[in-house]
Amino acid sequence: MELALYDLSLLIVGALDLAMAIGLLVNNYAYRHYPVYHRSRVLTAVFFAVFGIGLLLHYHFHWRQTCPPMAMALSLTYFHIAGVAITWSHTSLLNPRYLSRRVVARDVAFLIIGLSAYWLTTVGVYIFLLHATLMTYDFYSTYYHLNRHSFPTLGKVGGRAIFRWMLLSCHLIIFFGIGSIVFTYLLPTAIWPYSVLLCVGGLVFIYIYYSISEYGTVIDSATNAVEDAED
């Protein structure tokens, strides 16, 4: 029963993630005149797709029961790739110049080193935590810069709210992402707690989908706020 619930959770949340990825890509053409947000939706779709594929691979291979180190490596792989995608997506909405060659080179280098370490060594989790810390710092420093320079003059309540929704998304991503990896590292063979974790993760993913979609409803005021912060 415990294993059946775990498998069912993997299937449901994995399918949900893939459905939300498709949902973000559908009608994305309507935002073609907002290139940063257009790209952000694509990157967030990548985030959902990578998670969805990762969870379905867990269901297919059952490494959690048969080979915990492989399960850990798989979790680190899709958490890391998805984490980079969502960071590029959300931080760029706050600072369109964020995605510089330096940042891309840094993140790709961490990915290459991390992905190799996850499958070949036992220290990969530390690489993930280090890179996650750097990406988290980038987001929060960018957010609070925008908060200082634009929120006082951002007239529309919806415009102010969307950035707060984005901040909450970041809180949830960090809590769920880093917390899940630490949990996996400490309890590599547990089964039933992962069913609970997957249900919580599903709610987090739904909120992220909601927040990035709602950004499109206040795209003009949000764009003006970002431009004000850059001046």
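What covers the buried residues of helix α1? Helix α2, helix α3 and helix α8 are among the elements that do. Keep in mind that this is a predicted model. The buried residues of α1 are Y6, D7, S9, L10, V13, G14, D17, M20, A21 and L24.

Let's check the length of that helix. Helix α1 has 24 residues, and at 1.5 Å a residue they should span 34 Å. The end C-alpha atoms of α1 are 35 Å apart, which agrees.

Is S9 buried or exposed? S9 has a relative accessible area of 11%, so it is buried. The cut-off for buried is under 20%. Leave aside the neighbours within four places in sequence. Then S9 is in contact with G14, S195, L198 and C199.

What comes after α1? N27 follows, and its phi is positive. The value is near 65°, and N27 is a residue other than glycine. You will find N27 in the loop between α1 and α2. The relative accessible area of N27 is 62%, so N27 is exposed.

There is another loop residue to look at. H62 has a positive phi of about 55°, and H62 is not a glycine either. H62 belongs to the loop between α2 and α3. With a relative accessible area of 26%, H62 counts as partly exposed.

On to helix α2. It covers residues 35-61, and S40 is in it. S40 has 1% relative accessibility, so it counts as buried. Which residues does S40 touch, beyond those up to four places away in sequence? They are S89, H90, L93 and I212. With S89 there is also a polar contact between the side chains, at 2.5 Å. For a sense of distance, take S40 and T136. They are 96 residues apart in sequence, and their C-alpha atoms are 17 Å apart in space.

Helix α4 is next. It takes in residues 68-94, which makes 27 residues. From first C-alpha to last, α4 reaches 38 Å, close to the 39 Å expected. How many of the 27 residues of α4 are buried? The count is 23, so α4 is mostly covered.

Now the charges. Side chains of opposite charge can pair when their charged atoms come close. How many salt bridges does a search of the whole structure find? It finds two. One joins R106 and D107, with the closest N and O atoms 2.9 Å apart. Another is between D138 and R106, also given as 2.9 Å, N to O. That pair links distant parts of the chain. D138 is in helix α6, residues 124-149, and R106 is in helix α5, residues 101-120. They are 32 residues apart.

For R106 the relative accessible area is 18%, so it falls on the buried side. D138 has 13% relative accessibility, so D138 counts as buried. Shared partners join R106, D107 and D138 into one salt-bridge network.

Last topic: the rings. We describe a pair of aromatic rings by the distance of the centres and the angle of the planes. The count of aromatic pairs comes to 24. Take F139 and Y140. Their ring centres are 5.8 Å apart and their planes are at 80°, so this pair is edge-to-face. F139 counts as buried, because its relative accessibility is 4%.

Compare Y207 and Y210. Here the centres are 6.2 Å apart and the planes are at 45°, so the pair is tilted. Why are they about one helical turn apart? Because Y207 and Y210 are three residues apart in helix α8, residues 192-215. Y210 has a relative accessible area of 39%, so Y210 is partly exposed.

Some rings form a cluster. Ring pairs link F47, F48, F51, Y78, F79, F176, F205 and Y209.

Key: Residues are numbered from 1 along each chain as its sequence is written. This is a predicted model: local features need pLDDT of at least 70, side-chain atom pairs count only at pLDDT 80 or more; totals for chains, interfaces and linings use all residues. Side-chain values use heavy atoms; hydrogens and water are left out. Helices (H or I, at least four residues) and strands (E, at least two) are DSSP runs, numbered from the N terminus. Buried means under 20% relative accessible area, exposed over 50%, partly exposed in between (1.4 Å probe, protein chains only). Contact means heavy atoms within 4.5 Å. A polar contact is a pair of N or O atoms within 3.5 Å; within protein, one must be able to donate a hydrogen and the other to accept it, and residues adjacent in sequence count only if both atoms are side-chain atoms. Rings of Phe, Tyr and Trp (its six-membered ring) pair if their centres lie within 6.5 Å; planes under 30 degrees apart count as stacked, over 60 as edge-to-face and the rest as tilted. A salt bridge is a side-chain nitrogen of Lys or Arg within 4 Å of a carboxyl oxygen of Asp or Glu. The expected span of a helix is 1.5 Å times one less than its number of residues.
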